[in-house]
Amino acid sequence: MEPKDYIVTKIEGEYAYIKEIGTNEEFFIALALLPFGTDIGTKLHYEDLEYSII
């Protein structure tokens, strides 16, 4: 899978809604899979099955 960048648009309970930068495709993911400190507006980079804050 190719590297992608996302932005967190909403957090509801234990889930974060993230939108892919460029395509605006939005989906939700468990907060436990995201780096510590992730909040609304955080930009994320996904590569090698891992998210990191950019």
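The protein chain exposes about 3800 Å² of surface, and carbon and sulfur atoms supply 52% of it. Those areas come from the Shrake-Rupley method with a 1.4 Å probe, and for residues only the protein chains shown count as cover.

Before I go on, two remarks on the source. This is a predicted model, in which local features need pLDDT of at least 70 and side-chain atom pairs count only at pLDDT 80 or more, while totals for chains, interfaces and linings use all residues. Residues are numbered from 1 along each chain as its sequence is written, and side-chain values use heavy atoms, with hydrogens and water left out.

Now the overall layout. The protein chain has 5 strands and 0 helices, so the pattern read along the sequence is β-β-β-β-β; here helices (H or I, at least four residues) and strands (E, at least two) are DSSP runs, numbered from the N terminus. The radius of gyration is 10 Å, close to the 10 Å that the globule rule gives for 54 residues, so the chain is as compact as a globular protein of that length. For the record, the radius of gyration is taken over C-alpha atoms, and the globule rule is 2.2 Å times the number of residues to the power 0.38. Along the principal axes, the C-alpha atoms fill a box of roughly 30 × 20 × 15 Å.

How many of the 54 residues count as buried, in percent? For the protein chain that figure is 22%. Buried means under 20% relative accessible area, exposed means over 50%, and partly exposed is in between, with a 1.4 Å probe and protein chains only.

Next, contacts, meaning heavy atoms within 4.5 Å. Taking contacts between residues at least 6 apart in sequence, 33% join residues at least 24 apart.

On charge, the chain carries 4 positive and 11 negative side chains, and the centres of the two sets lie 8 Å apart. Lys and Arg count as positive and Asp and Glu as negative, with His and the chain ends not counted. Each charge is placed at NZ of Lys, CZ of Arg, CG of Asp or CD of Glu.

Let me turn to the loop between β3 and β4, starting with P35, which lies in it. P35 is partly exposed, with a relative accessible area of 22%. Leaving out residues up to four places away in sequence, P35 touches L44, Y51, S52 and I53. For one of these, S52, the C-alpha atom is 6.1 Å from that of P35, although the two residues are 17 apart along the chain.

T38 is also placed in the loop between β3 and β4. Is T38 buried or exposed? T38 counts as buried, at 13% relative accessibility. A polar atom of the T38 side chain lies 2.6 Å from the backbone oxygen of P35. That is a polar contact: a pair of N or O atoms within 3.5 Å, where within protein one must be able to donate a hydrogen and the other to accept it, and residues adjacent in sequence count only if both atoms are side-chain atoms. Beyond its neighbours within four places in sequence, T38 is in contact with V8, I11, L44 and I53.

T42 sits in the loop between β3 (26-30) and β4 (43-47). T42 is buried, with a relative accessible area of 13%.

A30 lies in strand β3 and counts as partly exposed at 25% relative accessibility. A30 touches E14 and Y15, again not counting residues up to four places away in sequence. E47 is in strand β4 and is partly exposed, with a relative accessible area of 37%. E47 and K10 are 37 residues apart in sequence and 22 Å apart in space, C-alpha to C-alpha.

Last, backbone angles. Most residues other than glycine have a negative phi. N24 has a positive value, near 60 degrees. N24 is in the loop between β2 (15-20) and β3, and counts as exposed at 54% relative accessibility. Phi of L49 is positive too, near 65 degrees. L49 lies in the loop between β4 and β5 (50-53) and counts as exposed at 75% relative accessibility.
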